[in-house]
Amino acid sequence: MVFKRRNPRTWRQIAQESVWPRGGWSRAAQYVKHRLTRLPDEPHRIARGVFAGVFISFTPFFGFHLIGGALLGWILRGNILAALLATFVGNPVTMPVIALVSVEIGHWMLGIDVPLNIVNIFKAFSDAGTELWANFLAIFSDEPARWSNLGRFFETIYLPYLVGGILPGLAVSYGFYHLTIPVIRAYQKLRAMRVQARRARERRRAGAEADDAGAGSQ
């Protein structure tokens, strides 16, 4: 295959690069920006897609951000690829901040008074995942299912995260929406100018070659 890697990545490399890309997160951000500016669509449609992708990154639907971003982008009649690219906002560098802010706002909105820090949030996710897996395995054994960690996780972390992520999600998404439109417009205008300049050079070159050919035949 033409695009197949000469040296396939190991599972360890794949895991490492999912947390820290080979070129760093700044390079990954530049790549996303490059892809967004080259999308062949109207600026407002691209901006609506970006809005969808950024907003879904403020939800606790981990593992479904791409699907959720694409669905929300379709509902908003935005560019689906822009929505998928914009989910990059929810990366391992930003997610701890997003999670902490969202859960804290959710606790305030729901009147929940529980000591909170980022370690406790991720521990709650880990405990809930472990208990969910244990309950799945209990289907095939005599072990009883236990739901205490899942119930506590839903009440103190998941529901506050879901509710509390709405306000910062809307605010950040709205900011990205208004930032995207002028950036895409400027890039598309610059690209159109470059295309026109290239075509003008090609016409001049073709005219010069025709003149040379005419002079040579005389």
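Me: Which helices do the buried residues of α7 pack against?
Reply: This is a predicted model in which local features need pLDDT of at least 70, side-chain atom pairs count only at pLDDT 80 or more, and totals for chains, interfaces and linings use all residues. Residues are numbered from 1 along each chain as its sequence is written, and side-chain values use heavy atoms, leaving out hydrogens and water. Here packing rests on contact (heavy atoms within 4.5 Å), and buried means under 20% relative accessible area, exposed over 50%, partly exposed in between (1.4 Å probe, protein chains only). The buried residues of α7 pack against α6 and α8 (148–164).

Me: Within what arc do the buried residues of α7 fall?
Reply: In α7, Ile121, Ala124, Ala128, Glu131, Asn135 and Ala138 are buried. They line one face of the helix, because, seen down the axis of α7, they fall within an arc (taken from the directions from the helix axis to the C-beta atoms) of 110°.

Me: Which residues are exposed on the other side of α6?
Reply: Met95, Ile98, Ala99, Ser102, Val103, Gly106 and His107 are the buried residues of α6. Seen down the axis of α6, these fall within an arc of 155°, so they line one face. The exposed residues on the other side of α6 are Val97 and Trp108.

Me: How far apart are the end C-alpha atoms of α7?
Reply: The expected span of a helix is 1.5 Å times one less than its number of residues. The 21 residues of α7 should therefore span 30 Å, and the model agrees, with end C-alpha atoms separated by 30 Å.

Me: At what angle do α6 and α7 pack?
Reply: Axes are lines fitted to C-alpha atoms, for helices over the stretch in contact, and angles run from 0 to 180 degrees between N-to-C directions. The axes of α6 (residues 95–110) and α7 (residues 118–138) are 10 Å apart, and the angle is about 95°. That makes α6, relative to α7, and by the range of 65 to 115 degrees, roughly perpendicular.

Me: How many helices are in the chain?
Reply: Helices (H or I, at least four residues) and strands (E, at least two) are DSSP runs, numbered from the N terminus. The chain has 0 strands, and its helices number 9.

Conventions:
Parallel < 35°, antiparallel > 145°, perpendicular 65-115°, else oblique.
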